[in-house]
Amino acid sequence: QVQVEESGGGLVQAGGSLRLSCAASGSIFSIEALGWYRQAPGNQRELVAEITSGSATNYADNVKGRFTISRDNAQNTVYLQMNSLKPEDTAIYFCSADVRLRATPRFTFRYWGQGTQVTVSS
């Protein structure tokens, strides 16, 4: 099986920065896309940023220029550097990993972390 664990959330003032980390571990053959999603109270989960195995990136319009996603393939880790944070960035941030398992390398499965809270005060 695969475990996905986020870290790095917390409370920050508007204009501040946070760096989220997410590590995948377990019976991994390879990891395709990695992503960060967020969910604020009363809202649906939304994509924040994603990065492919070839390091192509995609960002939500409301974080472009402020957030940067990156990955370390050797460590099966993805990062989200968040700068110029705004109160509307407050949410639980979830990491997703599209994984090929050692037992079934032809298929890709998406795994989710438990989430990490990010709170931005005004």
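Which side chain makes a polar contact with the side chain of Asp89? It is the side chain of Arg38, at 2.9 Å. A polar contact here is a pair of N or O atoms within 3.5 Å; within protein, one must be able to donate a hydrogen and the other to accept it, and residues adjacent in sequence count only if both atoms are side-chain atoms.

Before going on, a note on the source. This is a predicted model, in which local features need pLDDT of at least 70 and side-chain atom pairs count only at pLDDT 80 or more, while totals for chains, interfaces and linings use all residues. Residues are numbered from 1 along each chain as its sequence is written, and side-chain values use heavy atoms, with hydrogens and water left out.

Back to Asp89. This residue is in the loop between strand 8 (77-82) and strand 9 (91-101). Strands are DSSP runs of E with at least two residues, numbered from the N terminus. Asp89 counts as buried because its relative accessibility is 0%. Buried means under 20% relative accessible area, exposed means over 50%, and partly exposed is in between, with a 1.4 Å probe and protein chains only. Leaving out residues up to four places away in sequence, Asp89 touches Arg38, Arg66, Phe67, Ser84, Val118 and Val120. Contact means heavy atoms within 4.5 Å.

Ser84, one of those contacts, lies in the loop between strand 8 and strand 9. With a relative accessible area of 40%, Ser84 is partly exposed. Its phi is near 50°, a positive value in a residue other than glycine. Most residues other than glycine have a negative phi. Ser55 also has a positive phi, of about 70°, although it is not a glycine. Ser55 is in the loop between strand 5 (46-51) and strand 6 (57-59), and its relative accessible area of 42% makes it partly exposed.

Next, the strand pairing. Two strands pair if DSSP finds at least two bridges between them. Strand 1 and strand 3 pair in the antiparallel sense over 6 bridges, with Glu5 opposite Ala23 in strand 3. Strand 3 also pairs with strand 8, antiparallel, over 6 bridges. There, Leu20 has Leu80 of strand 8 as its bridge partner.

Strand 9 has several partners. With strand 4 the pairing is antiparallel over 9 bridges, and Arg38 stands opposite Tyr93 in strand 9. With strand 11 strand 9 pairs in the antiparallel sense over 3 bridges, where Tyr93 stands opposite Thr116. With strand 10 the antiparallel pairing runs over 4 bridges, and Val99 has Phe109 of strand 10 as its bridge partner. How many of the residues of strand 9 are buried? The count is 9 of its 11 residues, and the strand is mostly covered.

That leads to the core. A nonpolar core is a set of buried Ala, Val, Leu, Ile, Met, Phe, Trp, Tyr and Cys residues joined through side-chain atoms within 4.5 Å. The largest one has 32 residues, and Trp36, Leu80, Met82 and Tyr93 have the most contacts inside it. Among the strands that each supply at least two residues of this core are strand 1 (2-7), strand 3 (18-26), strand 7 (67-72) and strand 11 (116-121). Strand 9 gives the most to this core, with 6 residues. Leu80 touches, among others beyond four places in sequence, Leu18, Trp36, Val48, Ile69 and Tyr93.

Gly35 is found in strand 4 and, at 1% relative accessibility, counts as buried. The C-alpha atoms of Gly35 and Ile69 are separated by 8.3 Å, with the two residues 34 apart along the chain. Gly35 touches Ile69, and its contacts beyond four places in sequence also include Phe94 and Cys95.

Last, the rings. Rings of Phe, Tyr and Trp (its six-membered ring) pair if their centres lie within 6.5 Å; planes under 30 degrees apart count as stacked, over 60 as edge-to-face and the rest as tilted. The count comes to 1 aromatic pair. Tyr37 and Trp112 form it, edge-to-face, at 5.0 Å centre to centre and 65° between the planes. Tyr37 lies in strand 4 (residues 28-39) and Trp112 in strand 10 (residues 109-112), so the pair ties together parts 75 residues apart in sequence. Tyr37 is buried, at 14% relative accessible area, whereas Trp112 is partly exposed, at 34%.
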